[in-house]
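This note reviews the aromatic side chains of the structure shown below.

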Amino acid sequence: MKKLCILLLCWTGTFFLSQAEEGFNYQNIRFKQIRPEKNGINNGYINAIYEDKRGFLWIATPTGLFRYNGYDFKSYYPRTNDSTSLSGSNILCIAEDNDSNLWLGTDNGLNLFIYKKNKFVQFVSAKNPFVITDYIASLCVTGDILWVGTSFGLSQYNLKTQATKIFTN
């Protein structure tokens, strides 16, 4: 452990010295504050932030989903009796598949945002056996597999074959 700490310390020191030698000026770093109330985000609470393959920032909040393109925000909310909108407003997690579509976990089901069509597909537990419960706590895409984490267990969903496996206690 002591050797690892020394190695890490030496590497860190080397990195910062090399930056100083190349004329890296920390005073040139500037941050821009994005005020939620001025940019469409209804409150200051953020559950997740994800940068997609196109460079958009997706911001998951308890009141909806927001896409930031570097200049403006676009908001997405659930709409009553509209199955092409979000199934719930409390967006908890975000993952992107190989087709550049976004998977969104909410406290009211799983959602797929089909980017090319600019619409959502809802997956709720009453209609989809791989959604164990409608409270989706975490998502991960590895290859063609979507992993869906809930407090009741873990679901594995093959995005190509639609085969499912469920792992519970």
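1. Trp-103 and Phe-123 are both buried, a term that stands for under 20% relative accessible area, with exposed over 50% and partly exposed in between (1.4 Å probe, protein chains only). The model is a predicted one, in which local features need pLDDT of at least 70, side-chain atom pairs count only at pLDDT 80 or more, and totals for chains, interfaces and linings use all residues. Residues are numbered from 1 along each chain as its sequence is written, and side-chain values use heavy atoms, with hydrogens and water left out.

2. Rings of Phe, Tyr and Trp (its six-membered ring) pair if their centres lie within 6.5 Å; planes under 30 degrees apart count as stacked, over 60 as edge-to-face and the rest as tilted.

3. Between Tyr-76 and Phe-113 the ring centres are 5.4 Å apart and the planes stand at 65°, so this pair is edge-to-face. Because Tyr-76 belongs to strand S4 (residues 73–76) and Phe-113 to strand S7 (residues 109–114), the pair ties together parts 37 residues apart in sequence. Strands (E, at least two residues) are DSSP runs, numbered from the N terminus. Both Tyr-76 and Phe-113 are buried.

4. The rings of Trp-103 and Phe-123 have centres 5.5 Å apart and planes at 35°, so the pair is tilted. It links distant parts of the chain, 20 residues apart: Trp-103 in strand S6 (residues 102–106) and Phe-123 in strand S8 (residues 119–123).

5. One aromatic cluster is formed by Phe-56, Trp-58, Tyr-76, Phe-113, Tyr-115 and Phe-120.

Technical notes: Helix = DSSP H or I, 4+ residues; strand = E, 2+ residues; numbered from the N terminus.
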